[in-house]
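I open this notebook to record what I looked up in one structure.

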Amino acid sequence: MTSAITPLNVLERRNIAVDIHKVSHHFDLFGTSLPVLDTIDLAVAPGEFVALLGPSGCGKSTLLRLIAGLDRPATGDIRADNRLVTAPDRSRILAFQDPTLFPWRTVWWNVATGLEAQGTLERHRKRVDDALALVRLSEFATAYPHQLSGGMAQRVALARALVNDPKLLLLDEPFGKLDSFTRMGMQSELLALWLQQAFTAILVTHDIEEALLLASRVIVLSDRPARILHELTIDLDYPRRRDDPAIINLRREIAGELGLEPADAPNIQKRAVS
Amino acid sequence: MSDLTQIIEAGKLQDRASPWPLWTTGFLAACAWGLGAIVTIAFPDVVPWGATQLFATLIGAGAAILLVLSFVVQRLGAGGRLIVHYGPWLIALGLWFTFWEISTAKLGWLPKPFFSPPQGLLNVYVVDWQRLLLCIAYTLRLWAIGFGSGIVVGYVIGVALGWSRGVSYWGMPVLKLIGPVPATAWIPCTFFFFPTTFAASCFIVALASGIPVAILTASGVGAVNRSYYDVGRILGASNWYLIRNIAVPAALPHVFVGLFMGLYYSFAVLVVAEMLGAKYGLGWYIQFQTAYSAYANVYAALLIMAFLCASIVRLLFAVRDRLLGWQKGFI
Ligand SMILES: Nc1ncnc2c1ncn2[C@@H]1O[C@H](COP(=O)(O)OP(=O)(O)OP(=O)(O)O)[C@@H](O)[C@H]1O
Ligand SMILES: [Mg+2]
């Protein structure tokens with residue numbers, strides 16, 4: 001995948017700006033209306049890396065589905081490059097929280113799905129191989145999803161998103177099921193890719209540290225219905241270090257914002273993941 | 001289960017250190033078959049059946065083979081293990097032959113026109129094999145055309161029903177209405193609509209096999225996890241791609257249930273379908289011989305049909321295992 005990118009097409013590609021304007025959303029659940037998003041206002045610049053942090057069930061996945069165009073917001077509107085988002089588009093790729101691999105397709109064909117659907121697979125077979133190499137699953141190319149571990153399935157889902165060379169990449173807790181070693185590895189791969197291709201990225205995560213290491217801006221959401229509680233621009237150079245005092249300070253600040261004492265920071269993940 | 005039996009059998013074999021360890025089950029099977037042969041040859045038939053000698057020779061030979069096998073079976077590798085697996089069945093078969101022989105040919109408890117001893121069936125095959133082969137060919141032709149067209153049409157209709165709300169709105173009630181009607185009830189109309197009786201017969205078979213395929217395919221396509229479609233749409237798939245590459249493979253397990261049901265139904269209506277003025281065919285043969293009270297011939301033809309059906313089921317299982325290998329814990 002990386003080999004397909006030359007400096008020329010990095011310059012040529014126009015990455016997508018996202019404008020979320022007064023978006024509210026609700027679901028009908030148990031016969032009543034369940035408010036999920038409460039007047040979300042957010043502008044994401046082309047090539048920006050935004051991380052969304054918030055408690056479980058607050059509406060993060062819902063927001064990503066709206067941006068991807070899978071559902072329409074109840075009120076407000078979402079624009080990608082000034083065009084109203086009404087349906088999914090292959091320039092905006094969402095990697096789902098659940099890997100949702102196709103069980104009847106091998107790993108290779110799962111990753112190839114997007115290219116095949118667009119009729120460009122013949123030209124870009126190498127990109128599938130590269131994407132698999134990137135998530136370190138080349139030897140499992142011919143395995144079926146039921147033969148993978150949870151974390152491996154998640155990496156396949158990530159490769160299936162990346163292979164499409166998206167201009168806007170929406171990631172819903174892509175590293176949630178990975179052990180901390182693999183997670184660190186995947187984080188730096190993603191970062192390298194983003195630095196190189198400068199696509200616009202919106203990452204949902206429960207992991208404050210992950211948000212701080214990767215994102216140029218961190219948005220903290222409230223409990224359901226989600227409102228934007230806090231926005232933090234992270235003006236630090238890449239690659240960032242976990243033990244950088246600035247990161248540690250920011251982490252404490254966000255933990256406070258989410259209503260957690262700094263000492264409780266590890267508990268955020270426990271509570272949130274449940 | 002079967003693995004367990006194999007392990008137990010294998011254990012029995014290894015208990016004996018001799019170079020020719022005895023396979024006890026096989027030995028007992030040989031005894032049972034031998035008993036059948038002796039009973040057949042030693043006592044007179046109450047009425048003549050023909051082929052009594054031949055039958056005794058055949059199961060006698062079977063007994064001899066089993067006797068040899070009970071000493072050498074473990075040297076035969078995979079084939080040997082298969083034989084060992086069916087060991088208890090081989091005993092049961094020998095005992096069944098013996099009981100069958102006694103109750104029909106030797107004692108006449110189950111009397112002549114209605115029942116037949118094994119040599120009665122054997123005699124039919126010996127005497128009438130040419131006509132039976134012709135009937136098998138005719139039946140297979142009718143079945144293949146009927147079942148083939150039925151499942152193709154049923155499958156296409158099922159996919160359309162499962163995919164499109166409009167098709168489902170109009171089609172599902174109709175399908176639910178005609179689904180439970182036995183295919184044979186359509187015979188009067190088919191005579192009107194089809195130019196030849198053969199086409200009418202094909203239609204009856206097609207209907208019997210197509211309806212379960214349509215219903216199961218529709219429910220399979222309708223039950224596909226919506227998230228798969230979301231992933232497909234995100235990746236830029238057209239509707240046609242979603243049908244072909246998501247709905248269809250995801251529904252395949254259901255489709256196979258429909259195929260198996262359709263297969264059984266199609267065999268069930270074959271006999272009736274061949275009533276419609278056919279000149280050959282196992283169904284025709286069965287009716288023809290029933291009219292003459294030649295029940296041995298009827299049983300002989302039924303036995304062939306059962307074997308044909310079982311072999312096709314076997315084939316369908318092989319196809320399914322190939323196509324559904326991706327299912328978790330399937331094979
Ligand atoms: N299709 C739906 N129908 C009804 N309610 C829904 C639907 N999808 C989500 N919800 C509700 O919307 C709320 C937000 O869901 P969402 O999946 O966006 O949460 P989340 O922030 O992604 O949570 P998590 O961090 O646990 O993944 C939840 O309370 C959920 O019950
Ligand atoms: Mg979520």
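The entries below go from the chains to the cores, the helix pairs and the backbone.

**Entry 1. Conventions.** I note that this is a predicted model, in which local features need pLDDT of at least 70 and side-chain atom pairs count only at pLDDT 80 or more, while totals for chains, interfaces and linings use all residues. Residues are numbered from 1 along each chain as its sequence is written, chains are lettered from A and ligands numbered from 1 in the order in which they are written, and side-chain values use heavy atoms, without hydrogens and water.

**Entry 2. Chain A.** I looked up the secondary structure and found nine helices and 10 strands in chain A; helices (H or I, at least four residues) and strands (E, at least two) are DSSP runs numbered from the N terminus. Of its 274 residues, 54% count as buried. Buried means under 20% relative accessible area, exposed over 50%, and partly exposed in between, with a 1.4 Å probe and protein chains only. I then took contacts (heavy atoms within 4.5 Å). Among those in chain A between residues at least 6 apart in sequence, 67% join residues at least 24 apart.

**Entry 3. Domains of chain B.** Chain B is divided into domain 1 (3-116) and domain 2 (129-327), with bounds from an automatic or database domain assignment. Their C-alpha centres lie 37 Å apart. Each domain gives four residues to the contact.

**Entry 4. Nonpolar cores.** A nonpolar core is a set of buried Ala, Val, Leu, Ile, Met, Phe, Trp, Tyr and Cys residues joined through side-chain atoms within 4.5 Å. Which residues have the most contacts inside the largest core? I found A:I20, A:L52, A:I67, A:V218 and B:L282, in a core of 168 residues. Helix 11 (residues 239-273) of chain B gives the largest share, 17 residues. Domain 1 and domain 2 of chain B both contribute residues, so this core lies between them. A second, separate core of five residues includes B:L161 and B:M172. Leaving aside neighbours within four places in sequence, the contacts of A:I20 include A:I40, A:L63 and A:I67.

**Entry 5. Helix 11 and helix 13 of chain B.** I looked up how helix 11 packs on helix 13 (residues 295-323) of chain B: the angle is about 170 degrees and the axes are 11 Å apart. Axes are lines fitted to C-alpha atoms, for helices over the stretch in contact, and angles run from 0 to 180 degrees between N-to-C directions. The pair is therefore roughly antiparallel, the word for angles over 145 degrees. Among the residues in contact are B:F256 and B:F260 of helix 11 and B:L308 and B:I312 of helix 13. By class, the contact has 18 nonpolar, no polar and one charged residues. Ala, Val, Leu, Ile, Met, Phe, Trp, Tyr, Cys and Pro count as nonpolar, Asp, Glu, Lys and Arg as charged, and the others, Gly among them, as polar.

**Entry 6. Backbone of chain A.** Most residues other than glycine have a negative phi, and most peptide bonds are trans. I found a cis bond from A:R224 to A:P225, with omega near -10 degrees; A:P225 is in the loop between strand 9 (217-221) and strand 10 (228-233). Another cis bond joins A:Y238 and A:P239. A:T39, in strand 2 (residues 32-44), has a positive phi near 35 degrees and is partly exposed at 44% relative accessible area.

How values were computed: Angles under 35 degrees count as roughly parallel, over 145 as roughly antiparallel, 65 to 115 as roughly perpendicular and the rest as oblique.
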